[in-house]
Amino acid sequence: MSALSIVGYVIVSAEGMLADAANTMPPELKFKGDQEFFASALDRAAVIVHGRNSYEDQPNSPQRKRIILTRSVKAIASDPTNAKATLWNPAGATFEEASAHAGVQSGTAAIIGGPVVFGLFLDRYDTFWLSVAPHVHLPDGEPCFPGVPQQTPQALLTAHGLYATDVKILDAAHDVRVTAWRRR
Ligand SMILES: NC(=O)c1ccc[n+]([C@@H]2O[C@H](COP(=O)([O-])OP(=O)(O)OC[C@H]3O[C@@H](n4cnc5c(N)ncnc54)[C@H](OP(=O)(O)O)[C@@H]3O)[C@@H](O)[C@H]2O)c1
């Protein structure tokens, strides 16, 4: 196992959706408090891990090491378009092998989506920061984990050995708060 701490971040609608029916993150899910919380967490991470459509597009993005999940490689490859990025297919290599290729042995690996990527790490999160915007409704949207909405994100995190601890209010006017789910 790696010495990396594995930490997830997502913001979801009342139904547990991270994007709309067109698989796009709508402006209604973007809150200044959550975006600042997310950006400062990524600034502290050793590496960020995501799928092709989940690039975070923040001012500091070019500085960050990243591991991008894709089936376009057999196992692991350098990204020809980004010297700081490793392309990783979990069917052909372990996460430890991908992080070694990225040159990261310690610190935090920030898992930032989308749903398949979040699902892949459900048994490995040390902490999962689940932000909820309870007044945003995306009933036909893209769920944050495989298995939502049949189960809530909270029920899935519980089923995978995590429990809710600290809560921070990120936007009081819209009742947006983030809960840290930690492994027992
Ligand atoms: N609300 C939030 O906090 C939040 C968080 C994350 C994302 N989002 C939003 O969610 C949407 C993106 O969702 P998405 O489903 O398209 O996610 P994504 O993160 O882009 O993941 C899909 C990509 O990951 C790769 N992938 C998927 N399964 C894989 C597997 N088993 N092995 C290897 N690679 C695999 C595929 O790349 P290849 O096609 O290259 O194989 C695929 O294109 C965007 O609108 C994004 O903004 C929102």
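## Helices and the sheet

Two residues are in contact if their C-beta atoms, placed from the backbone, lie within 7 Å. This structure is a predicted model. In it, helix H2, residues 95-102, lies across S3, S4, S5, S6 and S7. The direction of helix H2 is at about 155° to S6.

Helix H1, formed by residues 32-44, lies across S1, S3, strand S7 (108-111), strand S8 (127-132), S10 and strand S11 (176-183). Relative to S10, helix H1 runs at about 120°.

## Strand order and pairing

The open sheet consists of 9 strands, arranged in the order S5-S6-S4-S3-S7-S1-S8-S11-S10, and its pairing is mixed. At the edges are strand S5 (76-78) and strand S10 (162-171), each of which pairs on one side only. From one strand to the next, the twist averages 20°.

Ile67 has Thr86 of S6 as its bridge partner.

## Surroundings of the ligand

There are 26 residues around the ligand, of which Gly51, Asn53, Ser54, Gly113 and Gly114 come nearest. By class, this shell comprises 12 nonpolar, 11 polar and 3 charged residues.

Several elements contribute to the shell: strand S1 (5-12), strand S2 (17-19), strand S3 (47-51) and helix H3 (115-120) each supply at least two residues. Helix H3 gives the most, with 3 residues.

Terms used. Residues are numbered from 1 along each chain as its sequence is written. This is a predicted model: local features need pLDDT of at least 70, side-chain atom pairs count only at pLDDT 80 or more; totals for chains, interfaces and linings use all residues. A residue is near a molecule or strand if its C-beta atom, placed from the backbone, lies within 6 Å of it. Helices (H or I, at least four residues) and strands (E, at least two) are DSSP runs, numbered from the N terminus. Ala, Val, Leu, Ile, Met, Phe, Trp, Tyr, Cys and Pro count as nonpolar, Asp, Glu, Lys and Arg as charged, and the others, Gly among them, as polar. Two strands pair if DSSP finds at least two bridges between them. Axes are lines fitted to C-alpha atoms, for helices over the stretch in contact, and angles run from 0 to 180 degrees between N-to-C directions.
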